[in-house]
Structure formats: structure tokens, C-alpha cells
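Keep the viewer open and turn the model as you read.

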Amino acid sequence: MSDLKKLSTKIRLEVCKMLKHRGFGHLGGSLSIIETLSVLYGDVMKINPQNPNWEERDWFILSKGHAGPALYATLAVKGYFPLEMLNTLNNNDTRIPSHPDRLKTPGVDVTTGSLGQGISLAVGIAKSFQISQKPNRVYTIVGDGECNEGQVWEAFQFAAHHKLSNLIIFIDENHKQLDGPTKDIINSFDMKEKVEAFGFAVKRISGNDELAIKNAVLEMFEVKDKACCIILDTIKGQGIKYYEMLSDNHHIRFSGESEFQLDLAIEKLKEELEREGR
Amino acid sequence: MMMFSLAEKQQPKELREVYQETLMEIMKNNINVVVCDADLVNASGTKKLFETYPDRCINMGISEANMIGASCGMSLTGKIPFVHTFAPFATRRAFDQLYLSGCYQQSNIRIFGSDPGFWALHNGGTHTSVEDLALTRVVPKLTVLAPADAVQFKWILYNTVDKYGMYYFRCPRKSVPDIYSDSSVFEIGKGNVIQEGSDIAIFTIGEMISEGMKAGEILKSHGISATVVDMFTVKPLDEELVKTISRGKKVIVTAENHSKIGGLGSAIAEVLAENPIGAPLIRVAIQDHFGEVGTPDYLKNKFGLDSDTIVKGVLKALNIAV
């Protein structure tokens, strides 16, 4: 198991544990971005968990804010705050609310949750670094369901027009949104063609493959005069067969079979890590 | 410290010119200041800024939601954006962005919503915002300002640069009568008593101050002495001043180029409801309806936003026959 794969397993385990502790949460969309977060925080991003506001850091904006648990698990595993804090998800007075809040959580750069707004914040941050000719990079993950929002396309136009090559936009194409498959709700058609038509450098890759994600990011580093987009072909509930197959897996309230399967997944992920000697 | 005096002569300047000239100086002295517009550069008079500082002036195109969001993003990395579009698009259209990307996460931008209320003139009802104060007033951590004239507008632009926070200010692009002398100094959150009188109080904002002052003069001929107050900070409201000024007055009037619902009149009604003084409150404002095309005089007359409406309201409340 590669280091990044191991990191993904750790993050996935923490997501499952925290949602098990809470009893409910946005599991599907959290699981589909784990490998990407693993590559970003485990490899390509310039970060300093001991000093989250380090001026030279790269920025991350989780535009699909409902996947907050995935970000929290990543930050905790990377040492931004103690792992035990994950058990406070959505508690009264918590520092980790369901949707990321930069004023509450160490390591959260931007407050998101109202879909479509994170991507605008991200393009603004990237534009700011471009103006100041600073080397900081900006990464954001947008959901495919989120792309229903008109604001997303306003921001895409802006990113392309301003050739924000210091920004990498990931679209988590997990093919589902709250009410069901995106093709039945609002068909996104060929996302790659659409984003390409906007003037982006685009790559579509398998979103559960850390190496493919890393290589795509490195490839985008070579792009100098275009905004960059990586479309992640993912599965909602990624990495846990039962939840991948579960049709209504956006927000799960665990009981009966779904809780049993979560316990099973936690055990399996723990075993995987044990085998690797953690 | 607040220290103002009234203008001795009238040399009104277009407020868009004030915006452009002031930002030119501000941008020269502060490399973090950026200027954003939503395809209204030619309307807001900022063309010279865009020519002088092309790297720090951004035409966002006709996408107000993205403009507010991206500006907030820029502010998180140390930029100080001044953002302009027409008042309805700055508030109604981009309200959730103003609320969440802006105030909820404590960003740092200044939003100039131009041509509020009847100032939409020939752009008409679609471009008329009679509700921007109602919308902005309800947002936590947002400072809401309605400058009275060029001097105050310039002062606001200068004095919000280094004060981290979210600001919304609304005024026309065209000129309005001069109220204050050039050397006047204000304080955000404090109202300005323009003239003192013992019988009634008129609280106003923006260009309606002139109508309030005119009404004060007319009322004098009826033996009524009026206090006129400029409440240019609509939020946070100077509640203490409202209470102090209102105490002992026979009638309280509010006058604003905004809907009767949710603006300055509502804000003062809230204070007086919690601190009853027993005097009637007359809210001179646009009634609960939409805007339309027209000249300023026509629209002011139609909406009843003039000194005559104030005077008639006061006389009626005091049972004085006209």
C-alpha cells in the first residue's frame, strides 16, 4: 500500500468513525473526495498544520461544503487538531459544524456550504495571488450537483478569462446529488466538454486513484496561461461497497443494516491499516 | 472625533466623480485596495481608475454573485475591495453572497450600491431598489451607510479603508446638494444634528436631508421649531441619539428614499417602540410598491418624498389647519 493510499484509508476510517459517533451525516459525498484530499494534504499542497495561517501556504476551498466531515478527518489526521475533536461533529457549540467555517476550525481556509459560493471565493483568492504575483496555489473541490448553481459558471468564466493557472478546480463527478442521479435531476452532459468550451485546461481521471490524481495535478502545474480543471470520476460512497450501492446515500441516518455496515467498514479499514503496520 | 460644519456655498459634485477621485488617491497610497465593477465601469465613472491601475481594477462582467463572492475571497488574502454595482444588484441579486461569503465568514469588502430608490430614474422599476436598507439592515456584522453629500461620501471612502469589516453604502451617482463643509469629520455609528429645535424632530438620510432642512424652514413660519438629524449610519443605529433627541418632542418624522418597510423609519420606530415617548411618528418614505421610470422631480412627487409631505404630516399631527 502506498503512503497516499494509507493516508486515504486513515481519512476514510476517521470519516466513518465520526459519523458513527454522531449517528448521521453526509457520508456519500464525503467518501467520494477522500483520495483527492489525501493527495492534496498528503503530498502536493504546501501546508503547515502547526501554523494553519502560514502566509506561504496553499489554500483549499471545499466548495461542496456538505463534505465537511472528509475535510475535518483530513485536517485531524494531518495534525491541525486532535483526532478526538472529530467526535464533536455537530455538537452544540462545536468547532466542527457540518459545513466548514473558517472562524471555528483550525485549517479551514474558507467558510462554505451554500453551494456555488465556494468556487467564487476560490477564484477571488487565486486572483488576489495573481495580482500580488505570489506563488501560493489554490485548490477547490466543486460537486457535480453543485454545478446546477449558476454562480459556478460565473466563477468558471472568471477563472478562464483571468487565466488563473494558480488555481486547480476539481469537479467531483460522483454522478449523484441529494435527490438522486444527476442525469435524472439536471443532466450535466459531458462536463469535460463543457469546461473545455469555457477555455480551461481539463483532464478527466479516476477519482479513487491517488497516483492518477497526483499526476494530473503535476500536469496542471505545467499549464501557464489557462485555468485548470480536473474532473474526478468518482462514486458517491466511494471505497465502501455497501454505501456505493445504496441508492439514497447523500445523508445517512445510521440504524439497522446501514449501521451494521458502517461498523463492518470501520473494522475492515482498521484491519487494513493494522496489516500495513499503520 | 466628530466635528462638522455646514457648507457655506453650493458646489455640488457628481458622486461618481467623488468615488473615482477618492479611490484614485486611496489606491495610490494603499497597494492592497482593489476596485471591482460588474460591467458598469462607464456608469460608475471609474474608467480612469481602470486605466491607471489595470492590475488592481477588475471588471467582473455581468455576474454580481461572483463579484461579491470573489471580492470576499480576495479580502481573505489581504486585499481591500471596493465593489460597485447598482443598489438592487448589489443587494437583492447577490444577497446570499453578501450574507454568507461576506458577513457570516467576516470578509472585508466595501460595497457601493448606486442609484437607490428614485435615483434609478429612467432605468425604471427593474433597476429601482426601495428595499436595499431593509435587506442589509438585517444582516449581522454589516455596516450600512447612506451618505448625505459629496463630503460625507468622500469621508466614508477614506475612513473605511483601514477598518476591517463589511460595509454597504448607497447613494446616487449624480450630484446632490452640499450639506457639509469640506473639513467636516464624522463618526460611523453617530448621527449628526444638523439643526436644533424644540418642538419636533426630523431624522433623515441621504439627499432627503435637504428636504428635511427645507421642511424645518417652512415649519418655522408656522411657529414650529424643528431638530433635523442626519442618520447617515443606518446600522449600527445611533439609538442613544434617537432617544435623546426624541424626548420631549411633539412629533417625530423620518424621511428616506426607501420603502416605508424596513428602512430608517422602521429602525427608528423600533427604538421608539422600546422607549416610548408618547409622540406620533410620521414615516415619510416610499409606500409598499415598486419603482417606475421618471425624472427625479416626478418620482419624488409621486412617492411623496419632499418637504411638503413632511410639513403636511407635521401640521396634521399637531392639528394645525393649513
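How many residues does the contact take from chain A and from chain B? The answer is 24 residues from chain A and 25 residues from chain B. Bear in mind as you look that this is a predicted model.

Let's stay at that contact for a bit. The size of an interface is often given as the accessible area lost when the parts come together. Here chain A and chain B bury about 1900 Å² between them, and 57% of that is on carbon and sulfur atoms. On the chain A side, the residues that lose the most area to chain B are Gln117(A), Ile131(A) and Glu154(A), which together make up 26% of what that side buries. Two helices of chain A, H5 (117-131) and H6 (150-161), each supply at least two residues of the side that touches chain B. Of the elements on that side, H5(A) gives the most, with 10 residues. Sort the chain A side by class and you get 10 nonpolar, nine polar and five charged residues.

What about polar pairing across the interface? The rule finds 13 residue pairs in polar contact between chain A and chain B, both partners being at pLDDT 80 or more. Salt bridges are another story: across this interface the rule finds zero.

Now move into chain A and find its sheet. It is an open sheet of five strands in the order S2-S3-S4-S8-S7, with parallel pairing. Strand S2 (59-62) and strand S7 (201-206) of chain A are the edge strands, each pairing on one side only. From one strand to the next, the twist averages 20 degrees. For a look at one pairing, pick strand S3 (residues 138-143) and strand S4 (residues 167-173) of chain A, which run parallel over six bridges. Tyr139(A) has Ile168(A) in S4(A) as its bridge partner.

In the loop between helix H4 (68-77) and H5 of chain A sits Asp93(A). Its phi is near 65 degrees, a positive value in a residue other than glycine. The other detail is a charged pair. Side chains of opposite charge can pair when their charged atoms come close. Over all chains, the structure holds 29 salt bridges, and one of them joins the side chains of Glu210(A) and Lys5(A) at 2.7 Å, N to O. That pair links distant parts of the chain, with Glu210(A) in helix H9 (residues 210-221) and Lys5(A) in helix H1 (residues 3-22) of chain A, 205 residues apart.

On to chain B. Its sheet is open too, built from seven strands in the order S2-S1-S3-S4-S6-S5-S10, and here the pairing is mixed. Strand S2 (57-59) and strand S10 (233-235) of chain B stand at the edges with a single partner strand each, so one side of each has no neighbour in the sheet. The twist averages 20 degrees from one strand to the next. Within this sheet, strand S5 (residues 142-145) and strand S6 (residues 166-171) of chain B pair in the parallel sense over four bridges, and Leu145(B) stands opposite Phe169(B) in S6(B).

Which helices go with this sheet? Helix H1 (residues 15-29) of chain B packs on it, touching strand S1 (33-37), S2, strand S3 (80-86), strand S4 (110-114) and S6 of chain B, at about 150 degrees to the direction of S1(B). Helix H8 (residues 150-160) of chain B lies across S3, S4, S5 and S6 of chain B and runs at about 165 degrees to S6(B).

Zoom in on H1(B) and you'll find Arg16(B) there. The side chain of Arg16(B) makes a polar contact of 2.8 Å with that of Glu14(B). Leaving aside neighbours within four places in sequence, Arg16(B) is in contact with Ala43(B), Ser44(B), Gly45(B) and Arg173(B).

One last stop: the peptide bond joining Lys235(B) and Pro236(B) is cis, with omega about 0 degrees. Pro236(B) lies in the loop between S10 and helix H10 (239-246) of chain B.

Conventions. Residues numbered from 1 in each chain as written. Chains lettered and ligands numbered in written order. Predicted model: local features only at pLDDT ≥ 70, side-chain atom pairs only at ≥ 80, totals over all residues. Heavy atoms only, no water. Pairing = 2+ DSSP bridges. Axes fitted to C-alpha atoms, helices over the stretch in contact; angles between N-to-C directions. Contact = heavy atoms within 4.5 Å. Buried area = accessible area lost by both parts, 1.4 Å probe. Salt bridge = Lys/Arg side-chain N within 4 Å of Asp/Glu carboxyl O. Polar contact = N/O pair within 3.5 Å; in protein donor to acceptor, adjacent residues only side chain to side chain. Nonpolar A, V, L, I, M, F, W, Y, C, P; charged D, E, K, R; others polar.
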